[in-house]
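This report describes selected features of one protein model.

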Amino acid sequence: AEFCNGNMKEMERCLDEIFDQNLSIKEKTDAYSIKISSFYFLRGEPVNAIDVGLEALSQLGVKFGKKISKLVLARELIKTKHMMKGLCIMSLSDHFTMDDENRLLAMNIMDMLLAITYGSNQALFVLITLKTVQWSVSYGVSKYSSMAFACYGILLCSGMGDVAEGIKFGKVSMSLLERFSAKDMESKVILANSAFVSAWAEPGYLTHKHCLRGYEVGMQTGDITWAMLNIKNGTEIALIVGKPLSYVEEECRSCFKVMHEYKQKHVINWLLPVWQFVLNLMGYSNDPTILSGSMMQQEDLLKHCDENEERSLRNSITLYRLWVAFYFEEFDLAGTLVQDIQDMNQTNRATNIIWRCALLQGLTAFTLAQRNKSRKWKAHAIKITSKVQEWVKKGAVNCNHILLMLEAETAVLNGDKELAKQKYDAAITASARVGFIHDRALANERAGKYMFQLGDKYLAFHYLNVAIQLYLRWGAKAKAEHLLSKYKILLDEHHTPAMNKTVDRRWTWLASKGKSVNSDMELRSRRRSFIMRS
């Protein structure tokens, strides 16, 4: 009760009384669980939380080494795959039940450590996931197996690259929740599945909806911590899928109020970069390229990450720093941040922000490759594009427009003007189809800048004008003002009632009906005459 209310002193006093008594490990397990959660969620100290968890597991006869080699991980992974060979994945929903009390207690502790190690010790996260899956197959399933299979789905969707299999394990985990009537597990399993597994194959707005459901379930069942994590992830997904910034800011504000009330310090730390980023774009910051303002101080939070070995949170902060650096054309800073964030697939595996990271890393690499004639950046850009291409092939529906944008940049780098325009237009259409208004704006902006470089001021105006309008609709006032300031002369010169959002799309549609274009001069002539008629 004291933990749920965030009363640290009273909670610690109660825990000390329990640990001072000569009780068996079985009788102390619940106390260990509370102590682990208090270190992680209330104090924001994952290293201490992990140490307490490993101590409890050791007393239960389950030992994990502090240093985990790649050889150990490879061996356990092969062992797990061998156990799964010939086994129908969906049949695990009806697998026999685990009845060993000691193993169930250990499963409970390992279940708690999964969330903590995900962000601060990926090697241990992988090892615990494999251990819980192996036990579930060999000794029977329990309510804790639902989280084990969900985390195994995360591994499959990220490093192992098997999205279809990952989604199957996600479905098994949800089935086990229902089988064991595990309402106390539902909030965390919903988050693991929606934000890390099914998000690879379903539209972003559905992921957002699932996280809101996870929040409701957590609050109803008293699982405050996981309710907070769900609403934090739901808010971040709302930003990533392009919901209005005013809505996201309001959600951040209401989330912060609830998190502060329940003293969820760790979850607040994850929310702050999202909130400050939104405020920067809305124009509530003196310097939009720095995540410092009314909600957070960038250097203070980075220092906290370093002191507590929170690599996952540090990378999340770095991503938002990269996002504003790229938006406001601080490309040297963006290049430095790209190099700082290259282990994102390990620290933040299978999350939605990996897609955003790939887009920003790719665009930064292409920009620096063009500007500096750099082979290194060109190679990095091609590598990112190939990675996104693999995601799209495996069904990542939210990455289609990202791939098209990177392919447009590839065409620009190769000097293929027509292909570049075709890909930009396709990216604009694809991002509009999934409702990502900010990426639709970005694709228009990149196309407009390219046309401006080519000297085609008519199309440059069209694309940039649309980009500015879309950024304003999204709520990114600072970004829109940045473009208005940079291209003021162009926008003033060509602003006429005849120019509207549909001009180039209508011209493209007419051109697709079979009218051939024999030269760049003829192309421009036809385009301009069409614009005048419009």
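## Cysteines

The sulfur of C151 lies 12 Å from the closest cysteine sulfur, that of C157, which is too far for a bond. For reference, a disulfide is a pair of cysteine sulfur atoms within 2.5 Å. C151 is buried, with a relative accessible area of 2%; buried means under 20% relative accessible area, exposed over 50%, and partly exposed in between, computed with a 1.4 Å probe on protein chains only. C305 is likewise in no disulfide, and the nearest cysteine sulfur, in C357, is 16 Å away. C305 is buried at 1% relative accessible area. Across the whole structure, a search finds zero disulfides.

## Basis of the model

The model is predicted: local features need pLDDT of at least 70 and side-chain atom pairs count only at pLDDT 80 or more, whereas totals for chains, interfaces and linings use all residues. Residues are numbered from 1 along each chain as its sequence is written, and side-chain values use heavy atoms, with hydrogens and water left out.

## Salt bridges

The structure holds 21 salt bridges, each defined as a side-chain nitrogen of Lys or Arg within 4 Å of a carboxyl oxygen of Asp or Glu. One of them joins the side chains of K188 and D111, with an N to O distance of 2.5 Å. K188 lies in helix 9 and D111 in helix 5 (residues 101–120), so the pair ties together parts that are 77 residues apart in sequence. Helices (H or I, at least four residues) are DSSP runs, as are strands (E, at least two), numbered from the N terminus. Both partners are enclosed: K188 counts as buried at 8% relative accessibility, and D111 is buried with a relative accessible area of 3%.

R446 forms a salt bridge with E409, and their closest N and O atoms are 2.9 Å apart. Because R446 lies in helix 22 and E409 in helix 20 (residues 400–413), this pair ties together parts that are 37 residues apart in sequence. Both R446 and E409 are buried. Salt bridges with shared partners also join E329, E445, K449, K479 and K486 into one network. A further salt bridge links the side chains of R75 and E76 (3.6 Å, N to O), and E76 is buried at 12% relative accessible area.

## Packing of helix 18 and helix 22

The axes of helix 18 (residues 353–372) and helix 22 (residues 437–454) come within 14 Å and cross at roughly 10 degrees. These axes are lines fitted to C-alpha atoms, for helices over the stretch in contact, and angles run from 0 to 180 degrees between N-to-C directions. The two helices are therefore roughly parallel to each other; angles under 35 degrees count as roughly parallel, over 145 as roughly antiparallel, 65 to 115 as roughly perpendicular and the rest as oblique.

In helix 18, R356, L359, L363 and T367 meet H438, D439, L442 and R446 of helix 22. Contact means heavy atoms within 4.5 Å.

## Two buried positions

N193 is in helix 9 (residues 183–196) and is buried, with a relative accessible area of 7%. Beyond its neighbours within four places in sequence, N193 is in contact with A150, G170, S173, M174, S198 and A199.

A350 is found in the loop between helix 17 (344–347) and helix 18, and counts as buried at 1% relative accessibility. Not counting residues up to four places away in sequence, A350 touches I154, S158, A195, F196 and W200.
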